[in-house]
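Visitor: I am new to this structure and would like to be walked through it slowly. Could we look at it together before I ask anything?

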Amino acid sequence: GKVLTTEVQALALGDLVFVTAPGELFAEIGAAMQEASPFKQTVVIGYGDDYLGYLFTDQAKKEGGYEPSHPVSEEIEKPLLAAAKKAMTKAKKT
């Protein structure tokens, strides 16, 4: 029932964008950010602006293991990807 606020940022330099994530990303989420990017080149940066802990996929949560047993949120993958897409889209327009 608590709300946690953090940041996901994107900085564009021509056809290159840097997008941050507030913690330790699973590689699959970083790859999904790159795939969703409207830029030719996308660099995903973990531990950017904040540290929320492990940012794992929904699949990893189902499989269990160390990282998903320490969640900042039960649902992190979709909100994180949505925030990254929004930040990159906004960076593309400027």
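Visitor: Which residues does Leu80 touch, not counting residues up to four places away in sequence?

Guide: This is a predicted model, in which local features need pLDDT of at least 70 and side-chain atom pairs count only at pLDDT 80 or more, while totals for chains, interfaces and linings use all residues. Residues are numbered from 1 along each chain as its sequence is written, and side-chain values use heavy atoms, with hydrogens and water left out. Taking contact to mean heavy atoms within 4.5 Å, Leu80 touches Val8, Pro22, Leu25, Ile29, Met33 and Leu55.

Visitor: How many residues does the largest nonpolar core have?

Guide: A nonpolar core is a set of buried Ala, Val, Leu, Ile, Met, Phe, Trp, Tyr and Cys residues joined through side-chain atoms within 4.5 Å, where buried means under 20% relative accessible area, exposed over 50% and partly exposed in between (1.4 Å probe, protein chains only). Val19, Met33, Leu55, Leu80, Ala84 and Met88 have the most contacts inside the largest one, and its residues number 15.

Visitor: What is the centre to centre distance between Phe26 and Phe56?

Guide: Rings of Phe, Tyr and Trp (its six-membered ring) pair if their centres lie within 6.5 Å, and planes under 30 degrees apart count as stacked, over 60 as edge-to-face and the rest as tilted. Phe26 and Phe56 are both buried. With 70° between the planes, Phe26 and Phe56 form an edge-to-face pair, and their centre to centre distance is 6.4 Å.
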